[in-house]
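I set out to record, entry by entry, what I looked up in this structure.

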Amino acid sequence: MVGLYWFRGCKGLQPSKRDRRPVDRSQNVVSSNPFQGGMASVRSHFSFVFRALYGFLALIMLQTEDPGVDHVVAPYLPSITSAVCTILPMRMNRTLSVDAEPYEFEFEPAHCALLIIDMQRDFLEPGGFGEMLGNDVSQLRRAIDPNRKLLSAWRSAGLQVIHTREGHRPDLSDLPPAKKIRGRSETSIGDEGPMGRILIRGEPGHDIIRELYPLPAEPVIDKPGKGAFFATDLHAILQNRGIQKLVVTGVTTEVCVNTTVREANDRGYDCLVPEDCVGSYFPEFQEMGLKMIKAQGGIFGWVSDSSRILAALG
Ligand code: TIU
């Protein structure tokens with residue numbers, strides 16, 4: 001009996017017609033946001049308060065030992081369910097504002113994804129390929145903890161997370177010869193490195209560091225280039241999930257993060273880069289890579305830091 005009422009109440013869990021709005025692919029941007037303001041919002045708050053009251057009553061009744069409690073409680077279960085179903089979309093569709101440069105970055109949680117770029121073992125771990133090339137990995141490693149905190153808050157809020165990894169097929173069929181020979185290094189992509197074959201999918205060094213390891217539900221984009229949109233299905237995933245804005249973190253600031261933010265900007269996404277969540281082996285590139293993004297009124301994005309994003313998430 002209780003189960004039946006619960007099931008009926010859960011109809012509200014299905015996306016509304018608004019949320020199932022079509023995606024305008026010809027323009028490469030998603031349709032307008034579904035946030036409701038004004039009277040609709042006031043009505044929604046009232047309805048939530050009343051339904052929450054009923055739900056509260058039902059919870060008190062659940063505490064009783066009365067064997068007939070099923071009959072008493074059942075009528076209120078849809079109210080509990082509706083209250084939950086109402087407050088979740090309300091929280092997801094509110095507009096949040098992050099203190100940022102060149103001006104505040106506004107986003108609705110339901111339409112903003114956290115995109116974590118290439119936090120891979122070979123780039124970040126001591127003994128990896130990055131260090132083998134003579135780079136100071138501590139310059140990148142200081143982005144780990146801020147990323148961990150931001151990722152944790154993003155997950156707790158039920159928001160979308162996407163990870164990327166730079167790498168190639170084991171047969172190197174997607175590796176441009178120009179990229180293979182670039183740098184004239186003795187050891188290059190596809191060769192045996194300190195953590196397996198360098199930048200090859202499936203090798204230990206290619207995988208994401210333990211601290212930021214993806215959950216099963218979080219898409220991982222395997223990208224053959226520096227930008228996360230080149231030769232990947234990232235744009236399709238973002239469009240299908242109604243994402244309009246991105247918080248972009250990861251490494252390295254001036255290479256894969258910068259390239260991805262530029263690609264995203266050209267496809268109609270607004271990007272916010274928290275400076276403590278991105279890293280470069282070179283301090284001067286870290287500084288300039290961020291300056292370039294926010295220059296000229298935010299020529300291709302916004303810059304802030306993780307504490308200000310966490311403050312906005314509340
Ligand atoms: N992810 C990324 O930035 N790949 C690089 O190759 N970065 C360098 O800085 N080399």
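Before the first entry I noted what an axis is here: a line fitted to C-alpha atoms, for helices over the stretch in contact, with angles running from 0 to 180 degrees between N-to-C directions. I also noted that the model is a predicted one.

**Entry 1: helices α8 and α13**

I recalled that two packed helices are described by the angle between their axes and the distance between the axes. I looked up helix α8, residues 144-156, and helix α13, residues 306-313; their axes come within 10 Å and cross at roughly 15 degrees. Angles under 35 degrees count as roughly parallel, and α8 and α13 are therefore roughly parallel to each other. I recorded the crossing in which α8 passes α13 as left-handed. On the α8 side I listed P146, K149, L150, A153 and W154 as making the contact, and on the α13 side S306, I309, L310 and L313. Sorting the residues of this contact of α8 with α13, I found seven nonpolar, one polar and one charged.

**Entry 2: helices α11 and α12**

I next looked up helix α11 (residues 253-266) and helix α12 (residues 283-298), which pack at an angle of about 10 degrees with their axes 10 Å apart. This angle makes α11 roughly parallel to α12. From α11 the contact takes T253, E254, N258 and R262, and from α12 it takes F285, Q286, G289, L290, M292 and I293. The residues of the contact of α11 with α12 divide into four nonpolar, four polar and two charged.

**Entry 3: the ligand**

Which residues are around the ligand? I listed D118, F123, E166, K226, V251, T252, V255 and C256. I then looked up individual atom pairs. A polar side-chain atom of K226 is 2.8 Å from an oxygen atom of the ligand. A polar backbone atom of V251 lies 3.1 Å from a nitrogen atom of the ligand, and a polar backbone atom of T252 lies 2.9 Å from an oxygen atom of the ligand.

**Entry 4: the backbone**

I kept in mind that most residues other than glycine have a negative phi, and most peptide bonds are trans. V251 and T252, both listed around the ligand, are joined by a cis peptide bond with omega of about -15 degrees. I placed T252 in the loop between β8 (245-251) and α11. Another cis peptide bond joins E101 and P102, with omega of about 5 degrees; P102 lies in the loop between β1 (96-98) and β2 (105-107). Finally, I noted that L199, although not a glycine, has a positive phi of about 50 degrees. I found L199 in the loop between β6 (196-197) and β7 (220-223).

Notes: Residues are numbered from 1 along each chain as its sequence is written. This is a predicted model: local features need pLDDT of at least 70, side-chain atom pairs count only at pLDDT 80 or more; totals for chains, interfaces and linings use all residues. Side-chain values use heavy atoms; hydrogens and water are left out. Helices (H or I, at least four residues) and strands (E, at least two) are DSSP runs, numbered from the N terminus. Angles under 35 degrees count as roughly parallel, over 145 as roughly antiparallel, 65 to 115 as roughly perpendicular and the rest as oblique. A crossing is left-handed if the near helix is turned anticlockwise from the far one by less than a right angle, and right-handed if clockwise. Contact means heavy atoms within 4.5 Å. Ala, Val, Leu, Ile, Met, Phe, Trp, Tyr, Cys and Pro count as nonpolar, Asp, Glu, Lys and Arg as charged, and the others, Gly among them, as polar. A residue is near a molecule or strand if one of its heavy atoms lies within 4 Å of it. A polar contact is a pair of N or O atoms within 3.5 Å; within protein, one must be able to donate a hydrogen and the other to accept it, and residues adjacent in sequence count only if both atoms are side-chain atoms.
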